[in-house]
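Dear colleague,

Please find below the structure I promised to pass on, together with its sequence. My notes on what was found in it follow directly after.

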Amino acid sequence: MSAVLRELLRVSEKAADIARACRQQEALFQLLIEEKTGGEKNKKFAVDFKTLADVLVQEVIKQSVENKFPGLGKKVLGEESNEFTNDLGEKMIVRLCPTEEETAELLSRVLGGNKLASEALARVVHQDVTFGDPALDAVEVDIPQDTLGIWVDPIDSTYQYIKGSADIKSNQGIFPSGLQCVTILIGVYDLHTGVPLMGVINQPFVSQDLNTLRWQGQCYWGLSYEGTNLHSLQLPDPRSKSSDTQSRGTEDAGSEGERPPGLSAVISTSEKDTIRAALARVCGERVFPAAGAGYKSLCVVQGLADLYIFSDDTTFKWDSCAAHAILRAMGGGMVDFSRCLRASSGRAHDWPQLLYHAGDEGAAGVDRWANKGGLVAYRSQKQLETFLSLLIPNLAPADART
């Protein structure tokens, strides 16, 4: 159902507008931060945050999908709960109200009576956004709506979003940290099989006008269903963008030239030393640490890295579904890393792909939806086969390799 994908593209851009608006005023932004606790907390981080922007984005996506496709909004699942606590300790449910005035009134309660901020946010939430891609507009794919489920990560890499660094330099087009690592992730999957079908990755902070300090973003999408594979990568290669002295974010994307030949990988800054050492033996210096699961996956989608590998269990269905769908449309995918290590041999199409319809019944809170075995994201089946054939022996103890 390409109409669903068109709507998700549109609402992702509205979500990006909300994310940018919430970063525009530092005084306002400080009001939007709330520490996550208990079952919502990601154990990877000593302190985990959710922001009002997160909650607003998720609720806008749910409501927009429900308005356009009745019944589908109830199948939208995401990282955030819509309960928020204001500075007075009052708990309330954040939602998109029928009118801009009602939403402003609700947000005013959340923001401790800050009327100007509440009205500004409500205006962005209710503004009409038109956004699409001619390559998608020309295609009609019929997918039964009742088979669809949707995973949303409203603002991935929340820490980078909160920190707000805008002057980080890229390494061969890959940003190790900063606002460029923030993404909005919307992934659609088959409720019966768990296979990802459609994905949208919106990157709200790609380049900044140094005169106005306003940011421009970029959106990527993919659709893979019953032999139909479409994606947005007819867009220019990010590494080939020209230098622009009036913008920040793209100025050095191609300054170091093309990547050297051979496999390259993007990894988490918290990746295990054993994995880093093995990757160094396989990829040499072509291993790039970066923030944000969504952003690292996007680096593979863009072709800035061949693979994204993460060995821990602290990514979740909402982190991976969108990029997985896009990569499937490109001939790639995402596999369970630990299960790949246990497999003695096989071709890429036999490796265990991540699925999205069932959680771990033995886990509690967000851990129910964790990618327990880690992941490897890839664009090419051949590259995946080559990579695993090289990596697995290098993960063995040194005496076993000699």
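The chain comprises 13 helices and 16 strands. Please bear in mind that this is a predicted model. Of the 402 residues in the chain, 55% count as buried. Taking contacts between residues at least 6 apart in sequence, 70% of them join residues at least 24 apart.

Nonpolar cores

The largest nonpolar core contains 59 residues, and Leu-52, Tyr-161 and Met-198 have the most contacts inside it. Helix 1 (residues 2-24) supplies the largest share of this core, namely 10 residues. There is also a second, separate core of 38 residues, which includes Trp-151, Met-334, Leu-375 and Ala-377.

Helix 1 and its partner

Two packed helices are described by the angle between their axes and the distance between the axes. For helix 1 and helix 3 (residues 52-68), the axes come within 9 Å and cross at roughly 155 degrees. Because angles over 145 degrees count as roughly antiparallel, helix 1 is roughly antiparallel to helix 3. The crossing of the two is right-handed. On the side of helix 1, the contact involves Glu-7, Leu-8, Arg-10, Val-11, Lys-14, Ala-15, Ile-18 and Cys-22. These meet Ala-53, Leu-56, Val-57, Val-60, Ile-61, Ser-64, Val-65 and Lys-68 of helix 3. Sorted by class, the contact of helix 1 with helix 3 has 11 nonpolar, 1 polar and 4 charged residues.

Ser-12 also lies in helix 1. Is Ser-12 buried or exposed? Its relative accessible area is 0%, so Ser-12 is buried. Setting aside neighbours within four places in sequence, Ser-12 is in contact with Ile-184, Ile-186, Val-200, Asn-202 and Cys-219.

Helix 8 and helix 12

A further pair is formed by helix 8 (residues 273-283) and helix 12 (residues 381-394), whose axes come within 9 Å and cross at roughly 130 degrees. That angle makes helix 8 oblique to helix 12. The crossing of helix 8 and helix 12 is right-handed. Helix 8 contributes Ala-278, Leu-279, Arg-281, Val-282 and Cys-283 to the contact, while helix 12 contributes Phe-387, Leu-390, Leu-391 and Asn-394. By class, the residues of the contact of helix 8 with helix 12 divide into 7 nonpolar, 1 polar and 1 charged.

Helix 9

How many residues of helix 9 (residues 293-302) are buried? The count is 10 of its 10 residues, so that helix 9 is mostly covered. Among them are Lys-296 and Gln-302, as well as Tyr-295, Leu-298, Val-300 and Val-301. Helix 9 is followed by Gly-303, which has a positive phi, near 85 degrees.

His-324

His-324 is found in helix 10 (residues 317-329). With a relative accessible area of 0%, His-324 is buried. Not counting residues up to four places away in sequence, His-324 touches Pro-196, Gly-333, Met-334, Gln-353, Leu-354 and Tyr-356. One of these, Met-334, is included in the second core. The C-alpha atoms of His-324 and Leu-355 are separated by 9.6 Å, the two residues being 31 apart along the chain.

With kind regards

Technical notes. Residues are numbered from 1 along each chain as its sequence is written. This is a predicted model: local features need pLDDT of at least 70, side-chain atom pairs count only at pLDDT 80 or more; totals for chains, interfaces and linings use all residues. Side-chain values use heavy atoms; hydrogens and water are left out. Buried means under 20% relative accessible area, exposed over 50%, partly exposed in between (1.4 Å probe, protein chains only). Helices (H or I, at least four residues) and strands (E, at least two) are DSSP runs, numbered from the N terminus. A nonpolar core is a set of buried Ala, Val, Leu, Ile, Met, Phe, Trp, Tyr and Cys residues joined through side-chain atoms within 4.5 Å. Axes are lines fitted to C-alpha atoms, for helices over the stretch in contact, and angles run from 0 to 180 degrees between N-to-C directions. Angles under 35 degrees count as roughly parallel, over 145 as roughly antiparallel, 65 to 115 as roughly perpendicular and the rest as oblique. A crossing is left-handed if the near helix is turned anticlockwise from the far one by less than a right angle, and right-handed if clockwise. Contact means heavy atoms within 4.5 Å. Ala, Val, Leu, Ile, Met, Phe, Trp, Tyr, Cys and Pro count as nonpolar, Asp, Glu, Lys and Arg as charged, and the others, Gly among them, as polar.
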